[in-house]
Amino acid sequence: MRYRSVCPYDCPDACGLLVTVENDKAIKIEADPHHPITQGLICGKMRQYQQTVHSSQRLTTPLLRTGPKGTGQFKPISWDEAAQLICSRWQEIITEHGAEAILPYSYAGTMGLVQRNSGHPFFHKLGASRLARTICTPAKDYGWKAVMGDTPAIDPAERSQSDLIILWGLNAAATSIHSMAATQAARKRGAQVWAIDTYQTPTCQAVDRAIIVKPGSDSALALGMLQVMAAEGLLDQEFIAAHVSGFEELCATTLSGCTPEIMAAICGLPADTIRDLARIYAAAKAPFIQVGGGLTRYGNGAMTIRCIACLPAVSGAWQRPGGGLFCGTSTGAAFPLQRVTHEDFMASPTRIVNMNQLGAALNNLNDPRVMALYVYHSNPAAIAPDQNAVIQGLEREDLFTVVHERFMTDTARYADIVLPATSSLEHPDLYRSYGSYQAQRCSRVIPPVGEAKSNWDTFCLLAAGMGWDDRFFRQSADDLIDQLLAEPNDWRDAAITGQLRQGEPVVMTPPSSPRGPWLTPSGKIELRNERESQPLPCLLPTHAETDGFPLRLQPSVSLYSLNSSFNERNDLLQKRGEPTLLMHPADAAARQLQDGQPVSVYNQLGSVELALQLTEQVPSGTVVSEGVYRLDSSRSGRGINALTSQRLTDCGEGSTLYDVAVEVAAAKKAGK
Ligand SMILES: Nc1nc2c(c(=O)[nH]1)N[C@H]1C(S)=C(S)[C@@H](COP(=O)(O)OP(=O)(O)OC[C@H]3O[C@@H](n4cnc5c(=O)[nH]c(N)nc54)[C@H](O)[C@@H]3O)O[C@H]1N2
Ligand SMILES: Nc1nc2c(c(=O)[nH]1)N[C@H]1C(S)=C(S)[C@@H](COP(=O)(O)OP(=O)(O)OC[C@H]3O[C@@H](n4cnc5c(=O)[nH]c(N)nc54)[C@H](O)[C@@H]3O)O[C@H]1N2
Ligand code: SF4
Ligand SMILES: [Mo]
């Protein structure tokens, strides 16, 4: 039998899958050719998803720790035993320290609306601390909102009508292959394509012009371009007068000091390149800028987006189909998610812990101290910043840690109790995308592997274990999906809602226009936003520039993994190879380092051992390490996040994973 499903991973494409099942096993995964966005194309990671689902490394029973934390020594126990142990320990902690001593930690192992958010009603009712889930792109969202308010995103499919597509800090060839495919199709039809990045990514190799800037310096590039456009009169004055607030003031204040010569020194491009980019951008009919996440994970990340958002506002690009700025879609209002999350289950608002500061929370937070951690569909030991602090916290003997997982991850190794989780083929869900307006409902297509349980079913079991008698926790995940689809809303009419119920992929339409009227308080595109502490776009420093280490580190993504996922797949591990540090030959020569040698990459937070790879793909001054590896992949027993910090973005409380300074030296010989 062949069933429809959706890729559950944290990827903007949310691809439609066709899953062939025989004897309760998935034996083949194909791209859905009739899916409006997927159109028969999925990435190499998912083409063999059955190897993930039926991997011999899947966790199949609950486990109880039998050795020291971190050593991975466990014995199988039953679900009843596990639930009883968890609930009784939690009861003790609540009595002794209060429920806020319990901290849930989850992110985006699965993107389905029900399974992803299953823990919210449970922990709200428990009175646990809440988690600010801000590791990914809150600064990008903040920057967009500061200028554009609640204006919805344009449909990215419009890029087919653009004559200049700018992939700005977006490694689309790795992270959103359908954006890449659509961009390539537009290029074939004659559109020019640029990529603006900090090194030559796979995406840069497939565009007309790769523009390599210094990390965290895109505001300087954008402001420099604006200065040229203003000085040379390359503006749409009519559009500005009617729809934009604050540009005159921006010209009179910030921009006067943003000549290409001054900005060149900051962003590392020749002044003439900034002039050239400004002129071509201004001359394009419908320039389409698509912004990724990387450039916002800096101490100035939200401000960077505000600066970039000025470009389409003053060129008038918003007036023409294909023109504008695309930061990602937000379809939160399309489904009544509060029917799953139930903030109303909280007796009173509990404290909020930022997920980027888990290290500090586990080690320093008091009143009450965090005594229990419940991790589900996330892997903080590998993906969270300041890994040494996180692991120091996970090592605490008095911390009771439960991890609900598909695999024995770096985090699970520190658990007191590990619970086996289903894969997306083993549970139902409703998916929406953050790269387009699509949505799709899926049923489970195979029975759970071993004794695995879905997130929702696990929280129902724990609710019973806590002695709660609510009907809410006796529903099935399908009941919750039914409620999310119970009535049409202004994003989806009855016909689309009907298609969703049938499991068909749909593309929804935002209820208001993405091209004005602008949903800001003033009704204009607000280059000036007086509600902000910095009312006008400006240059802000990054965090790392004052750290005192000479090289800027980019802990970038890999083509062959997704955050820390896919480590169970030998086919992908082989393609990825060992963890490496990419460095320009001149930087290596200055340090007397050779290609291939083990090096120690270090800063004030820690050190990691990687294999050095010399390449001119990275500019001098910047070093890159692609992919999040298992901790034991490096002789240092630490991954790249040992070097990233818990500092937050300027606004939005986001992670600053790319705002890192390091030094590199030859690694000491083993045993020293
Ligand atoms: N294959 C693969 N796909 C993925 C993921 C993965 O790990 N692997 N992760 C998924 C997730 S969770 C997300 S959020 C998305 C992320 O998708 P993207 O936004 O494409 O990826 P990022 O790595 O966040 O950043 C994109 C690019 O920004 C560049 N960059 C970093 N700093 C700067 C800067 O200061 N200026 C400029 N101009 N560029 C900069 C990086 O070098 C990188 O090439 O991808 C998703 N898809
Ligand atoms: N150095 C560095 N660090 C990064 C990044 C980077 O590019 N470089 N990217 C950052 C970004 S953008 C993000 S979004 C975060 C992502 O961080 P996470 O959301 O933690 O992502 P993953 O590392 O993929 O871990 C997800 C885990 O969920 C498990 N899982 C999958 N499905 C289910 C399920 O249904 N139930 C349960 N219980 N478990 C499930 C998977 O087995 C996997 O171990 O990482 C951040 N950290
Ligand atoms: S990871 Fe992304 S590109 Fe790959 S199948 Fe999933 S949604 Fe599609
Ligand atoms: Mo992300």
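## The shell around ligand 1

In this predicted model, domain 3 (154-327) and domain 4 (544-666) each contribute at least three residues to the shell around ligand 1; the domain bounds come from an automatic or database domain assignment. Of the 33 residues around the ligand, T175, D197, D218, G293 and Y658 come nearest, a residue being near if one of its heavy atoms lies within 4 Å. The shell divides into 14 nonpolar, 14 polar and five charged residues, with Gly counted as polar and Tyr as nonpolar.

Helix 7 (172-175) and strand 9 (192-197) each supply at least two residues of this shell. Both kinds of element are DSSP runs, helices (H or I) of at least four residues and strands (E) of at least two, numbered from the N terminus.

## Polar contacts of ligand 1

Polar contacts are pairs of N or O atoms within 3.5 Å. An oxygen atom of ligand 1 is 2.6 Å from a side-chain N or O atom of D197. Polar backbone atoms also take part: one of N171 is 3.0 Å from a ligand oxygen, and one of G294 is 3.1 Å from a ligand oxygen. Taken alone, ligand 1 exposes 900 Å², and the protein buries 96% of that (Shrake-Rupley method, 1.4 Å probe).

## Domain 1 and domain 4

The centres of domain 1 and domain 4, taken over C-alpha atoms, are 31 Å apart. In contact (heavy atoms within 4.5 Å) are 10 residues of domain 1 and 11 residues of domain 4.

## Basis of the values

Residues are numbered from 1 along each chain as its sequence is written, with chains lettered from A and ligands numbered from 1 in the order written. Local features need pLDDT of at least 70, side-chain atom pairs count only at pLDDT 80 or more, and totals for chains, interfaces and linings use all residues, while side-chain values use heavy atoms, without hydrogens and water.

Definitions and conventions
A polar contact is a pair of N or O atoms within 3.5 Å; within protein, one must be able to donate a hydrogen and the other to accept it, and residues adjacent in sequence count only if both atoms are side-chain atoms.
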